[in-house]
Amino acid sequence: ARAMHICGHLPAKSKEPFEALFTQGMVTHEIYMTRDERGRPVYHLPEEVEKTEAGARLKATGEAVEVIPSAKMSKSKKNVVDPEEIIARYGADTARWFVLSDSPPERDVEWTAAGAEAAHKHLARVHRLAAELAASAEAGSPEADEELRRAMHRTIHDVTMGLESFGFNAAIARLYAFTNTLARSKAGAEAKREAARTLAQLMAPMTPHLAEELWQMLGGEGLIAEAPWPKADPAMLVEDTVTLPIQINGKRRSEIVVPKDLPREEVEKRVLQDEAVQRALQGGAPKKLIVVPGRIVNVVV
């Protein structure tokens, strides 16, 4: 390591390898056990066991199975999942997405069939969304286009920071949120396709096969693996608006989005025009209207 540092191939922090060591967590799974006629433990593979509300039983004989809490996967305990079976059922992209999304890499991750299935459903949703956008000619408003582009650049920033710090689960959580934003957006078709291509690029380290297909579907040039990594525009990261929760008699009932520099008097006018506030007031005036700039609005009726 020292020689490679002197030659310029490693940074100074890597001169001592153990200082740069990153200890990864284990993939864990429940253990399924019965006992033979002499009381000795007999372990069973997950695919040999059927779990119901009544408990776990062997598929072949119906014998009751004792379920031991998750432990690291071990051949001797047979609490292992065959990678080939996972890939055949869900695909390699789903397996990677689930393992990386469940917890930080330094912590253990519990493999569950439900978790893998949920990851598979999400990736299928992304594929359907991309297919719809590829054929869309929907017109949108300039305001909606701008809002979507701002969300896209914030996502680029957050995912890039997550990947660089090994926070894969945080990066994937941000991609989940951006997928929802894209699906709900009222932006035009071209702005949505641009956002979807960026989504594919940001997903590529975790789901390279799916990302490549999305890239081609959405009109990306060449291979996504050779495309430059998207960069966040600092100007797009600056928030021009703020969301103010509205509490009525101490309980949150609504919220409004206003420009950051909107005067207090204008904020009060918009609050009084809110439907939830008008229902609470029933045509009357509030006893108190307290605006905490940039934070919250309290209405006392």
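Residues are called buried under 20% relative accessible area, exposed over 50% and partly exposed in between, with a 1.4 Å probe and protein chains only. The model is predicted, so that local features need pLDDT of at least 70 and side-chain atom pairs count only at pLDDT 80 or more, whereas totals for chains, interfaces and linings use all residues. Residues are numbered from 1 along each chain as its sequence is written, and side-chain values use heavy atoms, with hydrogens and water left out.

Across the whole structure, 12 salt bridges are found, a salt bridge being a side-chain nitrogen of Lys or Arg within 4 Å of a carboxyl oxygen of Asp or Glu. In one of these, Arg-40 is paired with Asp-36 at 2.9 Å, N to O, and Arg-40 is partly exposed at 43% relative accessibility. Another joins Asp-93 to Arg-96, with the closest N and O atoms 2.6 Å apart; both residues belong to helix 3 (residues 92-102) and lie 3 residues apart, about one turn of the helix, helices being DSSP runs (H or I, at least four residues) numbered from the N terminus. Within this pair, Asp-93 is buried at 9% relative accessible area, whereas Arg-96 is partly exposed at 30%.

A further salt bridge links Arg-174 and Asp-158, whose closest N and O atoms are 2.8 Å apart. Because Arg-174 lies in helix 6 (residues 168-184) and Asp-158 in helix 5 (residues 142-164), the pair ties together parts that are 16 residues apart in sequence. Arg-174 is partly exposed at 22% relative accessibility, as is Asp-158 at 33%. Salt bridges with shared partners also connect Glu-190, Arg-193 and Arg-197 in one network.

Notes:
Helices (H or I, at least four residues) and strands (E, at least two) are DSSP runs, numbered from the N terminus.
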